[in-house]
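I opened this notebook to record what I looked up, one entry at a time.

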Protein chains: 2
Amino acid sequence: MIIDIPENSDFSIHNIPFGIFSTKDRSPRVGVAVGEHILDLAAVAELDVFDFNTALLEKDTLNDFISLGKEITTRVRKKIQYWLKDDESVLAGKPELFVKQSEAQMHMPVAIGDYTDFYSSLEHATNVGKMFRDPENALLPNWKHIPVGYHGRASSIIVSGQPIHRPKGQTKPNDAEAPVFGPTRRLDFELEMGFICGKETTLGESVSTKNAEDYIFGLVLFNDWSARDTQKWEYVPLGPFLAKNFASSISPWVVTLEALESFKLAGPKQEPEVLPYLQFEGNKNYDINLEVGIQPEKGEETTVCLSNFKHMYWNMAQQLAHHTVNGCNINIGDMMASGTISGKEENSFGSMLELSWGGTKPIKLNDGSERKFIEDGDTVTMRGYAQNGDIRVGFGEVTTKVLPAK
Amino acid sequence: MIIDIPENSDFSIHNIPFGIFSTKDRSPRVGVAVGEHILDLAAVAELDVFDFNTALLEKDTLNDFISLGKEITTRVRKKIQYWLKDDESVLAGKPELFVKQSEAQMHMPVAIGDYTDFYSSLEHATNVGKMFRDPENALLPNWKHIPVGYHGRASSIIVSGQPIHRPKGQTKPNDAEAPVFGPTRRLDFELEMGFICGKETTLGESVSTKNAEDYIFGLVLFNDWSARDTQKWEYVPLGPFLAKNFASSISPWVVTLEALESFKLAGPKQEPEVLPYLQFEGNKNYDINLEVGIQPEKGEETTVCLSNFKHMYWNMAQQLAHHTVNGCNINIGDMMASGTISGKEENSFGSMLELSWGGTKPIKLNDGSERKFIEDGDTVTMRGYAQNGDIRVGFGEVTTKVLPAK
């Protein structure tokens with residue numbers, strides 16, 4: 001092995017995720033995570049080993065690299081795997097090609113054109129329906145027919161490590177006649193995964209469930225920050241707006257769909273049967289362990305949620321087929337998030353709204369404090385990895401500290 | 001006058017709107033509409049008369065030009081007005097600087113990062129509430145407190161002249177047990193205006209109603225195409241998605257806020273009083289006449305709607321202040337649309353949904369045919385202009401033909 005990869009590293013030889021990093025001495029460029037290092041692809045390109053226009057490895061987003069197409073990008077990934085394993089490869093004896101992750105700064109991996117958020121976990125939709133609407137009819141009639149989704153704000157998607165300020169907004173206390181304005185009192189995370197589109201369509205074109213994977217470059221962890229009190233007041237009839245668009249945080253390394261291939265499994269049975277354009281063949285869910293930790297300003301982190309991407313009722317192929325069935329066009333770099341990923345168990349719920357059941361059952365942290373929602377000074381960290389025996393492919397983390405309202 | 005401007009032209013000397021055009025012999029670039037011509041700013045730049053980097057006049061979007069800032073862009077606009085009026089100016093004797101609009105192709109004026117659609121007409125919200133929800137409680141409790149809005153799809157915003165295909169999607173007929181799939185049977189337009197952001201903010205920053213105009217570069221006509229049957233089935237609880245994201249059409253010329261300054265007037269009185277961050281001083285509505293025509297495949301156009309931008313309950317300054325009050329960041333080129341602009345009179349309703357009252361009162365066209373919604377082969381054209389005595393500032397038109405479903 002050209003470089004040491006610690007056992008249990010998210011960034012094993014089986015992974016090779018792409019990202020954008022910078023160092024003190026050089027501006028943002030394309031790299032891949034390998035163990036605790038980053039292989040600097042812009043530097044590798046100087047060895048004249050790639051057969052494409054390597055100027056795009058000097059870019060500060062992956063969009064141009066992704067636009068090369070899967071034929072090329074998967075070949076690059078495989079070449080890197082091969083080089084890393086071969087002690088006499090072009091990477092041998094060139095430690096300058098590897099940057100320590102601890103000495104690099106990560107940036108947004110892609111320029112996101114449009115961002116769509118789905119709502120594809122049955123358990124999450126049911127939980128929210130019980131709390132926001134009618135406990136007896138928690139799931140709306142369309143939910144099992146449509147991968148429900150809505151458009152979100154692309155501009156405020158930020159990369160792991162960037163803190164956010166508690167947002168201000170309108171809320172209407174139950175006992176008040178009129179709304180009031182101030183910092184949200186119900187700041188929440190949502191544990192999601194997001195996929196990044198890797199191929200564009202033209203207006204009027206649709207993507208079938210069969211071909212959907214050609215259009216998915218890779219995945220990241222996605223924290224869809226939410227202000228629950230604002231959401232409750234504003235969301236009828238046109239959906240969440242300011243309750244969601246103040247920030248969403250993503251992990252910096254884009255794990256390719258190919259790296260996740262061996263972790264595929266069947267999703268929940270869909271009943272009633274879905275319309276033909278949403279039907280699919282084969283396994284389309286992914287077994288990816290997910291967790292969320294909360295670290296208070298002064299104190300250690302407490303894991304508050306253990307979930308899994310496999311819980312999704314609607315899979316990514318169905319989401320993409322639905323999104324484009326009306327001819328809506330997608331672009332390289334578009335982000336599509338899963339919606340909160342909750343399982344059946346109470347400790348697998350992917351938001352504080354569900355974990356504390358609307359603030360009625362506070363969560364105990366290791367330092368003895370309690371949380372109904374996220375407090376100023378808290379750092380929320382999401383982690384995710386797939387594991388199959390010795391083979392591990394992980395996402396690293398998305399971590400975000402919450403600062404007081406400005 | 002350097003060039004003849006027909007009386008009653010939308011593109012009078014008082015207007016000077018910016019757009020992106022191309023000609024047979026030259027790729028897309030920045031121009032301004034003057035009467036029936038386009039002043040080719042990339043060509044003017046070759047006269048060495050501008051004091052900024054004129055390479056950005058060769059771009060295929062206005063974004064870089066807009067990013068120069070209002071101080072420069074308004075000076076450019078004034079210079080052009082001055083040059084056009086002065087028969088001995090730098091433009092004199094240079095007919096090659098002027099391209100006939102009939103010989104140019106118009107393109108999308110800006111690259112749109114994020115697109116937000118508001119819902120700011122009291123009459124429209126009331127009409128839709130009556131039809132989609134409860135006639136007795138048409139207006140939801142939050143409507144007079146919040147400039148309700150939601151995120152839309154930026155990728156599918158197209159320029160006037162580009163046809164669209166009737167979209168397909170899920171709908172659920174009232175008498176059916178399960179949804180069905182097929183071309184929408186309730187294709188509709190929505191008469192809106194959109195403003196284009198001209199200045200960016202950083203995440204966490206807010207724009208006050210007082211400063212909002214600094215952040216608005218200009219306006220276009222906006223047709224927010226809608227599939228009403230899909231909308232009805234999908235929109236609860238997260239808002240419209242596929243019912244809207246298959247296309248929105250805009251007019252190609254961006255009329256600057258400065259050109260509209262003399263058409264300001266007071267908007268409707270807002271009661272109850274709005275929260276402090278939504279309060280404003282001075283006149284913030286604009287008196288802009290709007291109309292919609294439907295032209296069948298074989299036949300003349302019938303005007304089906306006469307409305308006015310002045311009807312808006314919430315003004316653009318309030319929309320922008322609301323959008324950013326939680327720290328949501330905006331970028332140059334972002335599009336914010338007004339929502340359907342309906343007046344009180346039945347012929348001022350800005351959508352077929354309202355004009356035909358949910359399909360119960362068909363509209364008669366001049367050729368004797370009737371319309372409940374838009375049919376294949378129909379061309380929908382929106383026009384808008386402000387007029388004050390002899391002074392006219394217009395938007396031209398946004399025209400879109402509807403082709404059968406693919």
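**Entry 1: a strand and its partners in chain B**

I began where Phe195(B) stands opposite Met336(B) in β22(B). I noted that strands are DSSP runs (E, at least two residues), that helices are runs of H or I with at least four residues, and that both are numbered from the N terminus. Strand β22 (residues 335–337) of chain B is joined to β13(B) by 3 bridges, and the two run antiparallel. I recorded the rule that two strands pair if DSSP finds at least two bridges between them. I then turned to strand β14 (residues 216–223) of chain B, which 7 bridges join to β13(B), again antiparallel. In this pairing I found Cys197(B) opposite Ile216(B).

I next asked how many residues of strand β13 (residues 191–197) of chain B are buried. I found 7 of its 7 residues buried, where buried means under 20% relative accessible area, exposed over 50%, and partly exposed in between (1.4 Å probe, protein chains only). Leu191(B), Met193(B), Phe195(B) and Cys197(B) point one way from β13(B), while Glu192(B), Gly194(B) and Ile196(B) point the other way.

**Entry 2: the basis of the model**

I noted that this is a predicted model, in which local features need pLDDT of at least 70 and side-chain atom pairs count only at pLDDT 80 or more, while totals for chains, interfaces and linings use all residues. Residues are numbered from 1 along each chain as its sequence is written, chains are lettered from A and ligands numbered from 1 in the order in which they are written, and side-chain values use heavy atoms, with hydrogens and water left out. The pLDDT is the predictor's confidence in each residue, from 0 to 100. Chain A averages a pLDDT of 97, and 100% of its residues score at least 70.

**Entry 3: the annotated site in chain A**

I looked up the UniProt record, an unreviewed entry, which places the feature "binding site" at Asp117(A), Glu190(A), Glu192(A) and Asp224(A). These positions are spread over 108 residues of sequence, yet they cluster in space, with a largest C-alpha distance of 11.2 Å. I kept in mind that UniProt positions are given in the numbering used here, that feature names are shortened, and that annotations may be inferred rather than shown by experiment.

Asp117(A) is found in strand β6 (residues 115–118) and is buried, at a relative accessible area of 2%. Glu192(A) lies in strand β13 (residues 191–197) of chain A and is buried, at 0%. I found that Asp117(A) touches Glu192(A) and Asp224(A), among others, where contact means heavy atoms within 4.5 Å.

**Entry 4: a buried arginine**

Is Arg29(A) buried or exposed? I found Arg29(A) buried, with a relative accessible area of 2%, in strand β2 (residues 26–34) of chain A. The residues that Arg29(A) touches include Phe21(A), Leu57(A) and Val99(A).

**Entry 5: how the two chains are related**

The same surface serves both copies, as 100% of the contact residues of chain B recur in chain A.

Conventions:
Lists of a residue's contacts leave out its neighbours within four places in sequence.
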